[in-house]
Amino acid sequence: GLTERLQNAMKTLRGKGKVSESDLRETMREIRLALLEADVNFDVVKTFVKTVRDRAMGSKVLDGLNPAQQIVKIVNEELTKTMGSDASELNKSPKIPTIIMMVGLQGAGKTTTAGKLANKLKTEQHARPLFIAADVYRPAAIDQLEQVAKQIDVPVFQLGTDVDPVEIVRQGLAKAEADKNDYVIIDTAGRLQIDEQLMDELANIKKLANPTEILLVVDAMTGQNAVNTATGFNDKLDITGVVLTKLDGDTRGGAALSIRAVTGKPIKFVGEGEKMSDLDTFHPDRMASRILGMGDMLTLIEKAQQVSDEKQAADLEQKMRENSFDFNDFLDQMDQMNKMGGMESIMKMIPGLANNPALANAQIDPKDLAHMRATVYSMTPQEREHPEVLNPSRRRRIAAGAGRPVQEVNRMIKQFDQMKKMMKQMSNGNMGALDQMVPG
Ligand code: GDP
Ligand code: MG
């Protein structure tokens, strides 16, 4: 499977202290083959491999990570990004009922997923959904929906198999209105392949019902075909999301990887079994780890990152002790703050201050951070290392270079001086110095 192939691809790098260009090329070739073999769309693979390669070449070496781990980290992050980064919620209509239309090929899992979804809405939101049975081509289809509905105690609106599906939906919606159902789930027909007639019928149902969600149900086991199916349905119906079913089997991850990238539509849920409870929200990061099959490795990488941050903290402490904190460090600190989101992070790096309540509300506007950064960038290397040379004319030049008022530059330099002074005092063991340090 994809997981093993990717793991093999990384093996080339294992135990190497340094990655040569040819090692990287070889690894990328393997990753490319692994993805293509897992039926990931060709264009998606091309973009993916290029992004990973560029990042791997340009990345600075993280302390505590060997080259193989770094590549795994990059691959993991890019896999996550390719699948849409964040989990995607089910949309809700401001006015009841929220109408959800299930579409997809025959056997993809529409009826089963309709049941799972209703079950989820019932248990999580105490919702009162209604099913509309709009698959009139196979007599067994309505029976199947009835059986599913019975398991979870949800009513079904049906008019047998002799009525036009659009008419069934029209009457079903009237029924939902009368009964004040908050959700309506329309179970539609599928075919073995996309065909015009079915697409027209679904387009007509869409036009009538104006659903909040059109969920395309695709069988993950069909690989590249799932992607073609998704493209076909999306072109005609402008779907709102995808449900990937049958991920419980020995399923290749290819479909999950391609669908988002090719259609631009999020995967909202995954089906992982035949039971009514086997429906989960889709989490791109979890799927990425699963595809990589490298849970342990990823934990290790997270730890190494912490170590790297700790090392930075130790460096800072040393600088404080030597009183050699300069504007380059200031810039590093701002980057760190940006990364961790807040003034408190800088303090957390200082032993003994991590949980000080005085810091709880310390916040810096990201815009201010950007301005500070621009100001430091306008300094010469000498000015950054020796802030004492910053006389008025230099300050005016820096202000002009950064496009900020000179008063702001003065204020920042003052803050910097305070920070430096405070750090010196604290490194001498005087924690009371913190009181003088009120940001903003
Ligand atoms: P429809 O034709 O699109 O309505 O598909 P069905 O809902 O009838 O499902 C077709 C078959 O796939 C049934 O046997 C389901 O039990 C099965 N199925 C649906 N979803 C899943 C899933 O997530 N995992 C597994 N293992 N089977 C599923
Ligand atoms: Mg069905």
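## The annotated stretch

Helices (H or I, at least four residues) and strands (E, at least two) are DSSP runs, numbered from the N terminus. UniProt, in an unreviewed entry, places the feature "domain: SRP54-type proteins GTP-binding" at residues 266–279. UniProt positions follow the numbering used here, feature names are shortened, and annotations may be inferred rather than shown by experiment.

This is a predicted model, in which local features need pLDDT of at least 70 and side-chain atom pairs count only at pLDDT 80 or more, while totals for chains, interfaces and linings use all residues. Residues are numbered from 1 along each chain as its sequence is written, and chains are lettered from A and ligands numbered from 1 in the order in which they are written.

## The chain as a whole

The protein chain has 18 helices and eight strands. Of its 440 residues, 37% count as buried. A residue is buried if 20 or more other C-beta atoms lie within 10 Å of its own, exposed if 12 or fewer, and partly exposed in between, with C-beta atoms placed from the backbone.

Among contacts between residues at least 6 apart in sequence, 72% join residues at least 24 apart. Two residues are in contact if their C-beta atoms, placed from the backbone, lie within 7 Å.

## The sheet

Eight strands form an open sheet of mixed pairing, in the order S3-S2-S4-S1-S5-S6-S7-S8. Strand S3 (156–157) and strand S8 (279–281) stand at the edges with a single partner strand each, so one side of each has no neighbour in the sheet. Two strands pair if DSSP finds at least two bridges between them.

Strand S1 (residues 98–103) pairs with strand S5 (residues 213–219) in the parallel sense over four bridges; Met-102 has Leu-215 in S5 as its bridge partner. Strand S6 (residues 241–245) runs parallel to S7 and is joined to it by three bridges, and Val-243 is bridged to Phe-269 in S7. Strand S7 (residues 267–271) is mostly covered, with five of its five residues buried. S7 and S8 run antiparallel and are joined by three bridges. Here the bridge partner of Val-270 is Asp-280 in S8.

## Helices on the sheet

Helix H6 (residues 139–152) lies across strand S2 (129–134), S3 and strand S4 (183–188), at about 165° to S2. Helix H7 (residues 165–179) also packs on the sheet, touching S2, S3 and S4, and its direction makes about 165° with that of S2. Axes are lines fitted to C-alpha atoms, for helices over the stretch in contact, and angles run from 0 to 180 degrees between N-to-C directions.

Leu-208 lies in helix H8 (residues 196–209). It is partly exposed because 14 other C-beta atoms lie within 10 Å. Leaving aside neighbours within four places in sequence, Leu-208 is in contact with Val-166, Val-169 and Arg-170. Leu-208 and Leu-173 are 35 residues apart in sequence and 9.8 Å apart in space, C-alpha to C-alpha.

Ligand 1 is surrounded by 20 residues, the closest being Gly-109, Lys-110, Thr-111, Thr-112 and Gly-271. A residue is near a molecule or strand if its C-beta atom, placed from the backbone, lies within 6 Å of it. Helix H5 (residues 110–125) gives the most to this shell, with three residues. By class, the shell has two nonpolar, twelve polar and six charged residues. Ala, Val, Leu, Ile, Met, Phe, Trp, Tyr, Cys and Pro count as nonpolar, Asp, Glu, Lys and Arg as charged, and the others, Gly among them, as polar.

Gly-104 is in the loop between S1 and H5. It counts as buried because 27 other C-beta atoms lie within 10 Å. Beyond its neighbours within four places in sequence, Gly-104 is in contact with Lys-110, Gly-190, Leu-216, Val-217 and Val-218.

## Backbone exceptions

Most residues other than glycine have a negative phi, and most peptide bonds are trans. A cis peptide bond joins Ile-96 and Pro-97, with omega about -5°. Pro-97 is found in the loop between helix H4 (67–82) and S1.

Asp-153, in the loop between H6 and S3, has a positive phi near 60°. Asp-153 is exposed because it has 9 C-beta neighbours inside 10 Å. Asn-210, in the loop between H8 and S5, has a positive phi near 45°. Asn-210 is exposed, with 10 C-beta neighbours inside 10 Å.
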